[in-house]
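Please open the model in a viewer and keep a selection tool at hand. The stops below are arranged so that each selection leads to the next.

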Amino acid sequence: MANKEMEVVKGVDLNRYMGRWYEIASFPSRFQPKNGVNTRATYTLREDGTVNVLNETWTDGKRGYIEGSAYKADPNSDEAKLKVKFYVPPFLPIIPVVGDYWVLYLDDDYQYALIGQPTRKSLWILCRQTHLDEEIYNQLLQKATDEGYDVSKLHKTPQSDPPPSGEEGPKDTKGFWYFKSLLGK
């Protein structure tokens, strides 16, 4: 089953995909704090066709964030397979950390999305709103299961209503949460 090629959305309109997405659920990642809430991603199209990625999460009331860029893995393909690149912070050698970002499902109105990776070790359910209808959530779980993911590992991300606005709030001064675990802190 795991050898089956994953079905990826074709013909995604990047312009429509831009904007803010809230993380409804994800596989826990060593890159994210276990108690992170209100996690969200904001995508902005740059003039050169790449996408600016801003990932934010709140831990104990403090906002942590990391910025990176996304671009099509193969510019000639109409499959929604992107590469996302983040640079590790200045106190380490500047090494880009590159990950795969495959859009496995996207509704016609660009309101919710299922994002995976070819290794099947990462999975995200994203939504334009802070809450996703249970029926739709279950349909996305079924789609992920069909694509060979172990959905029992999905962890729902707490989202507050209304979500935190903008960038106010005390900054996370301990460094980027994404890389804390890499340093064993």
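Is tyrosine 110 buried or exposed? Tyrosine 110 is buried, with a relative accessible area of 9%; buried means under 20% relative accessible area, exposed over 50%, and partly exposed in between, with a 1.4 Å probe and protein chains only.

This is a predicted model, in which local features need pLDDT of at least 70 and side-chain atom pairs count only at pLDDT 80 or more, while totals for chains, interfaces and linings use all residues. Residues are numbered from 1 along each chain as its sequence is written, and side-chain values use heavy atoms, with hydrogens and water left out.

**The whole chain**

Colour the model by secondary structure. The protein has 3 helices and 9 strands; helices (H or I, at least four residues) and strands (E, at least two) are DSSP runs, numbered from the N terminus. From the N terminus, the order of elements is α-β-β-β-β-β-β-β-β-α-β-α. Of the 185 residues, 45% are buried. Among contacts with a separation of 6 or more, 56% are between residues 24 or more positions apart, where contact means heavy atoms within 4.5 Å.

**The aromatic cluster**

Select Tyr17, Trp21, Tyr43 and Tyr101, which form one aromatic cluster. A pair of aromatic rings is described by the distance of the centres and the angle of the planes. Here, rings of Phe, Tyr and Trp (its six-membered ring) pair if their centres lie within 6.5 Å; planes under 30 degrees apart count as stacked, over 60 as edge-to-face and the rest as tilted. By this rule there are 6 aromatic pairs. In one of these, the ring centres of tyrosine 17 and tyrosine 101 are 6.5 Å apart and the planes stand at 90 degrees, so the pair is edge-to-face. Because tyrosine 17 lies in helix α1 (residues 14-17) and tyrosine 101 in strand β6 (residues 96-106), this pair ties together parts that are 84 residues apart in sequence. Tyrosine 17 is buried, with a relative accessible area of 2%, and tyrosine 101 is buried as well, at 10%.

**The cavity**

A cavity is a set of points, on a 1 Å grid over the protein atoms alone, where a 1.4 Å probe fits but cannot get out; lining residues have an atom within 4 Å of a point. Grid points are joined across faces, edges and corners, and a volume is the space filled by probe spheres set on the points. The structure holds 1 cavity of 30 Å³ or more, and the largest cavity contains about 50 Å³ of space. Its lining includes Tyr17, Tyr43 and Tyr101, together with Leu14, Met18, Val51, Val53, Ala70, Leu82 and Val84. At least two lining residues come from each of α1, β3 (51-59) and β5 (81-87). By class, the lining has 10 nonpolar, no polar and no charged residues; Ala, Val, Leu, Ile, Met, Phe, Trp, Tyr, Cys and Pro count as nonpolar, Asp, Glu, Lys and Arg as charged, and the others, Gly among them, as polar.

**Alanine 80 and lysine 81**

Move to alanine 80, in the loop between β4 and β5. Alanine 80 is buried, with a relative accessible area of 8%. Not counting residues up to four places away in sequence, alanine 80 touches Val8, Val9, Val12, Tyr101, Trp102 and Val103.

Now select lysine 81, which lies over the face of tryptophan 102, at 4.1 Å from the ring centre. A charge sits over a ring if NZ of Lys or CZ of Arg is within 6 Å of the ring centre and within 35 degrees of the ring normal. Lysine 156 provides another case, with its charged end over the ring of tyrosine 137, 4.2 Å from the centre.

**Backbone stops**

Return to tyrosine 110, in the loop between β6 and β7 (112-116). Tyrosine 110 has a positive phi of about 60 degrees although it is not a glycine. Aspartate 60, in the loop between β3 and β4, has a positive phi near 50 degrees. Aspartate 60 is exposed, with a relative accessible area of 68%.

Finish at proline 162, in the loop between β9 (155-156) and α3 (177-180). The peptide bond from aspartate 161 to proline 162 is cis, with omega near 0 degrees.

How values were computed
1 Å grid on protein atoms, 1.4 Å probe; cavity = no way out; pocket = protein on both sides within 12 Å on 5 of 7 lines; lining within 4 Å.
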